[in-house]
Amino acid sequence: MARTTNENGGGGANVTPMMAQYHALKAEAQDCLLFYRMGDFFELFFDDAKIASACLDIALTSRGDGVPMCGVPAHSAEGYLARLIKAGHRVAIADQTETPAEAKKRGGSKALVGRAIVRVVTAGTLTEEALLDARAANWLVALAEAGGQIGLAAADISTGRFELAAIPAGSLDAELARLGAAETIAADGFAFAPADAISQDPRAFDSTAGEARLKALFGVATLDSFGGFGRAELAAAAGLLAYLDRAGQGKLPFLQPPARRHPADHMLIDAATRDSLELTQAQGGGRKGSLLDAVDRTVTGAGARMLAADIGAPLAERLVIEARLDLVTRFVDDGGLRESIRTNLKAAPDIGRAIGRLVAGRGSPRDLGLLRDGLDEAHGLHERLLRLGDRPALLDQLLPQMRGHGALIDLLTRALVPQPPIDTAQGGYIAEGYDPALDDLRGQGGEGRRAIAALEARYREATGITSLKIRHNGVLGYHIEVQAKHADPLMRPESGFTHRQTLAGVVRFNAPDLHEQALRVGQAGAHALAAEAAHLEELVAAALACKTAIAATADALARLDVAAGLAERAIEGHWCRPAFAEEPCFEVEGGRHPVVEAAVTATGERFVANDCQLLPDRRLWLVTGPNMGGKSTFLRQNALIAVLAQAGGYVPAASARLGLVDRLFSRVGASDNLARGRSTFMVEMVETAAILAQATERSLVILDEVGRGTSTYDGLAIAWAVVEAVHDINRCRCLFATHYHELTRLAERLDALSLHHVRAREWKGDLVLLHELADGPADRSYGIAVAKLAGLPPAVLGRAQSVLAKLESGRAATGGIAAGLDDLPLFAAAAAAPPPPVDPLREALDAILPDALSPRDALDALYRLKTLAEG
C-alpha cells in the first residue's frame with residue numbers, strides 16, 4: 001500500500017502547517033511515542049521513528065526535508081502496538097477528527113485535516129482482545145503516601161476490577177508481587193516506589209480530589225458504603241484516576257465500585273517467595289512449570305484469571321476458605337454435575353472483558369453478541385443450579401448474581417444477527433425484522449443491485465461485448481469495465497458511454513442509467529448504515545446501563561469455573577480436602593509436589609510421597625541428607641500445600657490438617673542480582689533477614705542451605721544462629737534443610753527442634769536416592785557419591801576421597817569445626833546480654849548534621865564536643 005506525506009484532500013504538499021500540528025501534538029504526548037494518522041497509515045517522525053523502526057523492524061525513511069519517518073498501516077496497527085507496549089513503550093494515538101472532504105469544505109482545498117490525541121496506550125490501560133492475555137489479569141497500580149501510610153490503588157480496566165488498600169511499608173513488596181502489575185505509577189519522589197514505576201506529578205495524588213472524583217464517578221454522597229477509605233487510599237485513587245483520564249483523553253474506562261482490601265485478610269507472600277515457589281510463573285518465564293499451570297483446569301479465560309488471583313493471594317479467614325471448599329466438594333461428589341457445568345461454561349464468552357471494551361468506547365457489535373450469549377448461558381446455569389438440593393452457601397451467594405438480565409438478553413437477541421461482526425463499516429449486524437424501516441432501506445438497495453445486474457445484461461446485448469462487466473470500487477463507485485480490445489466502440493460520442501479510466505488491459509466507463517441506479521443504491525446503503533449505527537448506539541447504552549450487574553455475573557461464572565476446575569484436578573490427582581485447626585499445626589500425610597509429580601509421572605516413574613508433622617512441640621524440622629535426595633522438593637511441596645489449601649482448593653496429599661498461615665516465606669535457592677550489585681550470598685542474607693524480621697508464630701518458613709555461600713566457618717555460624725532465632729524468637733513453623741550436620745547438635749538444646757533426613761543408600765559402589773524422609777539425622781552427606789553421579793572423572797573422585805579421609809581423621813582428633821559450640825549460652829540468653837557501654841562523645845558526633853549547621857551553630861557544637869572530651 002502506497003502512502004504519502006501530502007494531506008488527503010489538499011492540493012499539494014502542505015508540510016509546514018502539518019509539521020506544526022505534529023509538534024503541538026507531540027508536546028501534548030510528552031514522553032509517549034506519537035502515532036500520527038495520515039490517511040491509511042500511522043506515521044512516526046524524528047526520534048519516535050528511530051525508536052519504532054528498531055523495535056518493530058520496519059524501514060526507516062525520511063521526508064523530503066530529511067526528517068526521519070516510518071509508519072504502520074492503520075488497519076493492522078494493533079499488532080505493532082502490542083510489540084511496542086511489550087518493549088516498554090507508551091503510545092499516544094493522534095487520529096483524524098474530520099475527513100479530508102470535511103476539511104476541504106471547512107477551509108478550502110489546502111485545508112489541513114484536523115487531528116487530536118484520542119487515546120494514550122500503555123501496558124496498564126489495554127482493553128483490546130488482541131493485546132491481552134485472556135488467562136491473565138492486567139493490573140494498573142498507583143502508589144501514594146499520606147498521613148504516614150502508603151496507599152495502593154489497583155485497577156484491571158479490561159474487567160473493571162478496582163481495589164484500594166492502606167499498606168504498611170513492610171507489606172508493600174508482598175502486595176506488589178501479588179498483583180504483578182503491568183504498569184505502576186507513583187508520585188515523583190515517592191520513597192517506596194519500585195524501580196520500574198512511572199513518576200507522575202505529585203499534585204495528581206491529592207486525597208481531597210480523589211474523594212471527590214470517586215463520589216462523582218459512582219454517584220454517591222459518601223464513600224462509607226465502600227469501606228470508609230483513609231487519606232492514603234484516596235490519594236492513590238486520585239493518581240490512578242488522573243492517569244486513566246489522561247490515557248482515555250477525558251473518558252474513563254469501566255471501573256466497578258472500589259473494594260477495600262485488607263492485607264491481613266490474605267496470606268502475605270513476598271516477591272522472593274513467589275519466585276522461589278513458582279506460584280503463577282516459572283523462573284524461566286511463562287506459566288509452564290508453575291503451580292498455576294499444574295493446577296489450572298478452568299475452561300474460561302475469566303476462570304483462569306480468578307484462579308491466578310486465588311493462588312496469588314490465599315485467604316487467611318477460615319470461614320471464607322471453608323465456603324470455597326464446600327463448593328469444590330459439591331463438584332467432587334457429583335461428577336455428572338461437574339462435567340455438565342464445565343461443558344456449559346466452555347461455551348460461555350468472556351463477558352467481563354466484553355463490557356470493559358464497550359465502556360471504553362472500543363467495543364463492537366461482536367461484543368454485544370458476546371454479552372447476549374454469555375448472559376443467556378448464565379441464565380440457563382442459574383435455572384439449573386437453582387433446582388439442586390443441598391446447595392453450598394457460596395453457591396447460594398452466586399445464584400442471585402447470575403440472573404436479572406432477561407430484558408437485555410431479549411433485546412440483543414431480537415436486535416443482532418447470530419454472529420455479529422467486529423467491523424461496523426459494512427453494516428449487516430442488525431437482524432432482519434428488528435426495524436421495518438431499515439429492512440425497507442436494505443430492500444431498496446437490493447432492488448437497485450438487481451437493477452444494476454439487469455443493466456449489465458442489457459449492455460452486453462446492446463454492445464455485443466460478452467465479457468462486459470459492471471464492477472464497484474471505492475474510487476469510481478459502480479462502473480462498466482471492458483477489455484481494451486473492445487473499448488473503441490464505447491469511446492465514440494454517440495455510444496452513450498462516458499470514459500472514466502484506462503488501465504493496463506481494461507478500460508472503464510460510466511453511463512447515465514447506471515449512474516442513476518448507483519445513486520439509489522448508494523443512498524439506500526448510506527441510510528441503512530446510519531440506521532444501524534443509531535441502533536448500535538442504543539444497544540450499547542442499554543448494555544452500559546447494566547455494566548455493574550454484568551460484571552457481577554462474570555465474576556459468578558468465573559467462581560463456578562474455578563470450583564469445578566479445582567474439583568476436576570482433585571479427582572484427576574487423588575487429592576484430599578484439607579482440614580483446618582485453631583492451633584498453628586501442619587500435619588500432612590502422603591504429601592506430594594504437584595509440579596514435580598506431574599513431570600515424574602510423565603516419564604512413567606512414581607513420585608515418593610512424604611509426611612510432615614509440624615506441631616507446637618515439634619514446630620522446627622531440621623532436614624539433612626545428600627543433594628538430589630529430595631530435600632528442596634519436600635520443603636517446597638509443603639509450602640505449596642499451604643497455598644492451595646488457603647486458596648480454597650484440595651491438596652496433593654492423603655490427608656492434611658493445617659493451622660492458618662498468616663505469612664509464607666521461602667528461601668530456597670538464589671541467584672546473583674548483578675543489576676543491583678548483589679551476589680548470591682548477599683541475596684540470601686537479605687531474604688533471610690526479611691524472614692527473621694517479619695515471621696510470626698502463625699507463619700510458615702522454609703529455609704534451604706542457609707549459609708552455604710560463604711566460608712564453612714562463617715556459613716555454619718550463620719546457620720546456627722538462624723536456627724536458634726527461628727526457634728526462640730520467631731517461634732514459627734519451619735522446615736530447615738542443611739548440609740551442616742553440626743547443626744544436629746541443637747536438638748539437644750532446642751526443645752521444639754526435630755531431626756529428619758532424606759534416605760539414601762550405597763549399593764555396589766553406586767548411590768541410590770530413595771527420596772523418603774526418615775526420623776533422625778543423616779549418617780553422612782554422600783557428597784562424593786553425588787559427584788560420581790554427576791560424572792566427575794575417576795581421578796578427581798579418587799583424590800577427593802583421599803582428602804575427605806584426611807579431613808575426617810582430623811575432625812575426629814580435634815572434635816570438628818563445631819567443637820566448643822555446646823558451651824555457648826542459648827540464643828535467648830545471648831540476646832539478653834547487656835549492651836555495650838554508651839560513648840557520649842560518639843553519640844554527640846553522630847547527632848550532628850554538618851550541612852544543616854550555620855557557622856555559629858558549628859562553633860557551639862565544637863565547644864560542646866570539647867567539654868564532653870574533657871570529661
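Helices α6 and α7 of this predicted model stand roughly perpendicular to each other, a label given to angles of 65 to 115 degrees, whereas angles under 35 degrees count as roughly parallel, those over 145 as roughly antiparallel and the rest as oblique. Helices (H or I, at least four residues) and strands (E, at least two) are DSSP runs, numbered from the N terminus.

The model is predicted, so local features need pLDDT of at least 70 and side-chain atom pairs count only at pLDDT 80 or more, while totals for chains, interfaces and linings use all residues. Residues are numbered from 1 along each chain as its sequence is written, and side-chain values use heavy atoms, with hydrogens and water left out.

**Two helix pairs**

Two packed helices are described by the angle between their axes and the distance between the axes. Axes are lines fitted to C-alpha atoms, for helices over the stretch in contact, and angles run from 0 to 180 degrees between N-to-C directions.

| Helix pair | Angle | Axis distance |
|---|---|---|
| α6 (residues 207–218) and α7 | roughly 65° | within 7 Å |
| α12 (residues 335–346) and α20 (residues 547–573) | about 135° | 10 Å |

Contact here means heavy atoms within 4.5 Å. Ala, Val, Leu, Ile, Met, Phe, Trp, Tyr, Cys and Pro count as nonpolar, Asp, Glu, Lys and Arg as charged, and the others, Gly among them, as polar.

The second pair, α12 and α20, is oblique because of its angle, and α12 also passes α20 in a left-handed crossing. Helix α12 contributes Arg338, Glu339, Arg342 and Leu345 to the contact. From α20 come Leu557, Leu560, Asp561, Ala564, Gly565, Ala567, Glu568 and Ile571. The residues of this contact comprise 6 nonpolar, 1 polar and 5 charged.

**Loop residues with positive phi**

Most residues other than glycine have a negative phi. Glutamine 249, however, has a positive phi near 50°. This glutamine 249 is located in the loop between α7 (231–247) and β12 (259–260). With a relative accessible area of 29%, glutamine 249 is partly exposed; buried means under 20%, exposed over 50% and partly exposed in between (1.4 Å probe, protein chains only).

Histidine 574 likewise has a positive phi, near 55°. The loop between α20 and β18 (579–581) holds histidine 574, which is exposed at 64% relative accessibility.

**Cysteines**

The structure contains 0 disulfides, a disulfide being a pair of cysteine sulfur atoms within 2.5 Å. Cysteine 612 is buried, with 0% relative accessible area, whereas cysteine 546 is partly exposed at 27%.

**The chain as a whole**

The protein chain has 29 helices and 27 strands. Its C-alpha trace spans about 125 × 85 × 70 Å along its principal axes. Of the 871 residues in the protein chain, 48% are buried. Among contacts with a separation of 6 or more, 68% join residues 24 or more positions apart.

Definitions and conventions. Left-handed = near helix turned anticlockwise from the far one by under 90°.
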